[in-house]
Amino acid sequence: MSFLAFRVGTNRTLSFLATLGLIVTVPSLTQKLDWLPPAIASLFAVPIAAMLWTLPLQLYQFGIAPLYSLLANLCTTPFLILLTAGGFFSGIVSVVWPWAGSLLAWLLAIPTQGLIWLVTQISQLPGASITLGTISIGQLVLLYGLLVSAWLLPMWKQRIPLLITLASAIIILPIWHHQVHRFQITIFDRATPPMMVIQQPGGTLVLNSGDRNTASQTLVPFLQRQGIDQVDLALATDLRPRWREGWPALLQQIPLKQLISISLTDNTALKEWILKSQVQPGQLRLLQVGELLLQNQTQISVLRHQPTLLQFTVNQQNWLMVAGRYQRLLPWLQTTQVPSPQVLWWSTKLDLEAIMQLQPQVLILTSRTIDAQTLSQLERQIPRVFWTPRDGSVQWTRDRGFESTFPLSENPASPL
C-alpha cells in the first residue's frame, strides 16, 4: 500500500508540475522560437516546458533522466491529437447514436496501438535514459528556485545561459563527488537468494540478482538511484532456473562487464541464457574453492560449497557470507581454520553452534524464520545483530558504519 500511495502521489505531483510548466513557460519559449512557424514553435515549446519543470523531481525520486523525451513528445503529438479529438467526437456521437459512437471508439484502437508501439521503440533505443543518481532535497529546492526565478524575475529571464550553467553545476558536481568517494555496502531485505551491492571507487559489485521481478523492480531501480550505469563484477551463487531469470532482466537496463558463477550446479544453462544478452563468453566463468578474486579494494574467495561460504575482505574488515543448501557446519569449522569474521551474514537455516563458533562482532540475518527466543539469545551474545525482515535492508559506509534502512523491495520503480 505504501508503494502504491507513493506512486500515485508522485504521478500527481509530476502532472501538476508539467501543467504549471505549460502555463508559465510555454509563452516565453514560444517567443524565443519566433523564427519558427507558430505551430512548429509550440510543438517544441510544450514538451520542453514540461520537461524542465518535471526533471528535478524525476532526478530526486528516480535518479534517471530520459534522453529522448523531446523526440518522444514530437513523435507522439500527432497520435495524441488524433486520439483526443477522436475520443471527444465519439463521445458526442454516442449521445445521438450509441452504436456509431462505439464503432468510432473501436476504430481508435488502431492509433492507440501505434502510439504504444512507438513509445516502446523509443524506450528501447540505446541510451534511452541517463543514469545520474538521485539528488538531495537541497539540490531539488535550488533547482526549483532557479525555475521560479526565471519565471518571476525579469533580470533572470535575460540570463537563461547562466541559469542553465548553474542548474547543471547543482546537479553534476555533488553527484560526481559522491560517485568518486563513495564506499558503501548494501544487503537487501527479503531477497532470495541473498543479494548485495558493493559500491566502491572505480567499480560496482553485485551479488545475485534474484528472480525477474526482484531484478527489475528492486535491483535495477536501486542501481539507478545510486547513479550506477554499469556493473563491473557480478557473482551468482544460485543457478536454479528461477534465479537465472534475474540476470537478463538486469542486462536489459544495466550492462555488466563480468559474471562469475559460484555454484556446484552445472552452469551450461546459465551460459546459454546469458549469452543471448550482452555478456560475451570470455566474461562468464566459474570461481573455484580457494581461488582469490580481486575487485578494486575488495578481495573475494570461496571457502566451501553446501552451504556456500563466501569470504570478503572489505576496508580491512573480514566478512563471511553463509548461504545456500545447509549442511551441518560445526564439524567442518572445528577442523578448518576460518578467521573469526568481523561481519557474519547468515542467509540459510540457523545454526546457533556454528554462529557462536565464528564469534562475529556484527551478525546480519536474512532468514525469515527465526523465533523470538533464538533472536534474543543472539542479541545477548553478539554486540550487534540485524534481522532484515524486522530491520529492513542493512547498509555499511566508511563514515557511518552499519545502519538499517528502508525496505529496498519497496523502491520506486523507474518512471520509464
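Student: What volume does the largest pocket have?
Tutor: Its volume is about 1,000 Å³. This is a predicted model, and the value is computed from it.

Student: Which residues lie closest to the centre of the largest pocket?
Tutor: Leu52, Leu147, Ile160, Ile164 and Ala167 are the closest, out of 32 lining residues. To count as lining, a residue needs an atom within 4 Å of a pocket point.

Student: Where does the lining of the largest pocket come from?
Tutor: Helix H1 (2-32), H2, E1, helix H6 (137-152) and helix H8 (160-181) each give at least two residues. H2 supplies the largest share, 7 residues.

Student: How do the lining residues divide into nonpolar, polar and charged?
Tutor: The lining has 24 nonpolar, 6 polar and 2 charged residues. Gly counts as polar in that tally.

Student: Why is leucine 29 called buried?
Tutor: The cut-off for buried is under 20% relative accessible area. Leucine 29 comes out at 17%, so it counts as buried. Its place is in helix H1.

Student: What does leucine 29 contact, leaving aside its neighbours within four places in sequence?
Tutor: Leucine 29 is in contact with Ala45, Ile48 and Ala49. Contact means heavy atoms within 4.5 Å. The C-alpha atoms of leucine 29 and valine 46 are separated by 8.6 Å, and these two residues are 17 apart along the chain.

Student: How far does helix H3 reach from its first C-alpha to its last, and what is expected?
Tutor: H3 spans residues 69-96, which is 28 residues. The reach is 39 Å, close to the 40 Å expected at 1.5 Å a residue.

Student: Where in H3 does the kink lie?
Tutor: The kink is at threonine 76, shortly before proline 78. The bend is about 40 degrees. That angle is taken between axes fitted to the seven residues ending at a residue and the seven starting there.

Student: Which residues of H3 are buried?
Tutor: They are Ser69, Thr76, Leu83, Gly86, Ser90 and Val93. The kink residue, threonine 76, is one of the buried set.

Student: What do the buried residues of H3 pack against?
Tutor: Their partners are helix H2 (38-61), strand E1 (64-66), helix H4 (98-107) and helix H5 (109-123).

Student: How does the reach of H8 compare with the expected span?
Tutor: H8 has 22 residues and reaches 32 Å, close to the 32 Å expected.

Student: Which residues of H8 are buried, and what do they pack against?
Tutor: Leu163, Ile170, Ile171 and Ile175 are buried. They pack against H2, H6 and helix H7 (154-157).

Student: What makes the phi of asparagine 208 worth a note?
Tutor: Most residues other than glycine have a negative phi. Asparagine 208 is not a glycine, yet its phi is positive, about 65 degrees. Asparagine 208 sits in the loop between strand E5 (203-207) and helix H9 (212-225).

Student: What share of the protein's residues counts as buried?
Tutor: Of the 416 residues, 44% count as buried. The protein has 16 helices and 17 strands.

How values were computed:
Residues numbered from 1 in each chain as written. Predicted model: local features only at pLDDT ≥ 70, side-chain atom pairs only at ≥ 80, totals over all residues. Heavy atoms only, no water. Helix = DSSP H or I, 4+ residues; strand = E, 2+ residues; numbered from the N terminus. Expected span 1.5 Å × (residues − 1). Buried < 20%, exposed > 50% of the residue type's maximum accessible area, 1.4 Å probe, protein only. 1 Å grid on protein atoms, 1.4 Å probe; cavity = no way out; pocket = protein on both sides within 12 Å on 5 of 7 lines; lining within 4 Å. Points joined across faces, edges and corners; volume = space filled by probe spheres on them.
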